[in-house]
Amino acid sequence: MAIESNSICEKYTEVDRISNLPDPLICHILSFLPTKQSVATSTLLTRWKPLWTMVPALDFEDTDKPNPRYHGNKNRMTFIHFVCGVLAVRKPVPLKIFRLQLISPNHSIHFHVRAWIYYAMGHGVEELDLKLFLWRPFELPLNVLRCKSIENLTLYGTILLNCRPESVCLPNVKHLRLLKVKYANEDSFHSLLTGSPHLQKLSVWSVQQDNTMTLNICHPTVEWLSTINEAKDRRFKLKINVPNLKFLSLVDSLYQFDLRNNVVKVTFDLFEHEQQANDPENYSHLFRPLADAQTLTLQYVKSPCFDFSLPMFNNLRSLQLQVRCCQWHLLPNLLESAPNLVNLIINKEDAERPHELSWTEPLHVPKCLELRIRRISLLQFRSLEHEVELIKYILKNAKVLERMDILNGLSDLEESLHIFKIISELPRGSSACKLFLLND
């Protein structure tokens, strides 16, 4: 038995190559763990005991719902003591990442959060990520808005931004996320953008209670923009004037936005709003700002009304249509309006739900289908009759199609082979077309 035990120890020693790595490399590996787990590694071996104190990332999370028996105090104080203890014994090494996720009704927590943020800034933090859900809004210290070491800044939750142009100087911030935060006034949002002259990526999540009626996103260097609008007030409007924009993601329940520049890639989630569901002009207005996109991803919950005119998408090369319940009646309109389309993806979501609509052939074949489209991907397709009719129409009229991928999402091999047999026997307008049937 002793011999067997020794052999196991020798085998473990041979396998434990991580402990032989240089300290900086081990610290880099530990930086991907939450701080609680990083601290726990100190119990592994004597070799590991001091390493967590030199990790260049701190990730604190306390998102458990407070226990009413203790009025939120006992659990919160345990977390406060842990964070303060970590910061007290941590080596004075540069800090690349500081993340804090916290749910707390504790009125005194603001003092501690402010102290932790000052610690991060004092150690040259490059990525500051705050997700706070507190009893009352936490007013972000103005020193954060003048911290020259920050490159990535994420503010999420009950955080109040109260700033003026002269109070913001973030020369190195390249990625900014403002998610469900509250602004003291509309000037605070504008000041934050103005004070970040080298911003490249911006994410904004607007809610009804953020004290803004107009969100004016105007910036000369932003290339990537993601916006979510949950405001229900019809007076709210999103204005976008970003001349170097290459990617845009819009999730908007009101459709009141103004886009003044060309975009390379647009992802737009169209959620039907009761006040404009039956008004064709609203849909026409909605698509006009997207006309110069080169890549468009369109998702909608219900088929919008079809008696409206689409703009010409002359630059559009790639289109992805994410639809539910086979509601692809917008597809012929989009193909007709995109004469230079090369790549088409149709993703049919909620495949198990009842199919309310089916495929109807357009009056004439769209130009892009005959002359341009070379690759088509159909996701979550089955052997339903109207699906086969759509595939039959595409294969027949796509004269330069090189490849069609069909992902059926079925685990039954026999049924998959049955689908492939049906589709492979359909006539093809392109002799170069190759057909691929894929399973999940």
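Q: Leaving aside neighbours within four places in sequence, which residues is F98 in contact with?
A: The model is a predicted one. In it, the contacts of F98 beyond four places in sequence are L58, F60, W116, A120, V125, E127, L128, D129 and L130. Contact here requires heavy atoms within 4.5 Å.

Q: Which residues touch the most other members of the largest nonpolar core?
A: They are F98, L130 and M404, in a core of 104 residues. Helix 5 (residues 109–122) gives the most to this core, namely seven residues. Another core lies apart from it and has six residues, including L30, V55, A57 and I97.

Q: What makes K348 a buried residue?
A: The criterion for buried is under 20% relative accessible area. K348 has a value of 1%, and is therefore buried. This lysine lies in strand 18 (residues 343–349). K348 and L321 are 27 residues apart in sequence, with 8.3 Å between their C-alpha atoms.

Q: How is K180 classed, buried, exposed or partly exposed, and why?
A: K180 has a relative accessible area of 30%, so the label partly exposed applies. K180 sits in the loop between strand 7 (175–179) and strand 8 (182–183). Its phi is near 60°, a positive value in a residue other than glycine.

Q: How do you know the number of disulfides in this model?
A: The rule asks for a pair of cysteine sulfur atoms within 2.5 Å. By this rule the count is zero.

Q: Which residues of helix 11 are buried, and what puts them on the same side?
A: The buried residues of helix 11 are S416, I419 and I423. They cover an arc of only 60° around the axis, and therefore lie on the same side of helix 11. In general, an α-helix has 3.6 residues a turn, so residues three or four places apart point the same way. On the other side of helix 11, E414, L417 and K421 are exposed. The cover over the buried residues of helix 11 includes helix 10 (385–397), strand 20 (403–407) and strand 21 (434–438).

Q: What figures describe the chain as a whole?
A: The chain has 11 helices and 21 strands, and buried residues make up 48% of its 440 residues. Among contacts with a separation of 6 or more, 61% join residues 24 or more positions apart. The chain exposes about 21,800 Å², of which carbon and sulfur atoms supply 54%.

Definitions and conventions
Residues numbered from 1 in each chain as written. Predicted model: local features only at pLDDT ≥ 70, side-chain atom pairs only at ≥ 80, totals over all residues. Heavy atoms only, no water. Helix = DSSP H or I, 4+ residues; strand = E, 2+ residues; numbered from the N terminus. Buried < 20%, exposed > 50% of the residue type's maximum accessible area, 1.4 Å probe, protein only. Areas by Shrake-Rupley, 256 points an atom, 1.4 Å probe, with all protein chains shown as cover. Core = buried A, V, L, I, M, F, W, Y, C linked by side-chain atoms within 4.5 Å. Arc of directions from axis to C-beta.
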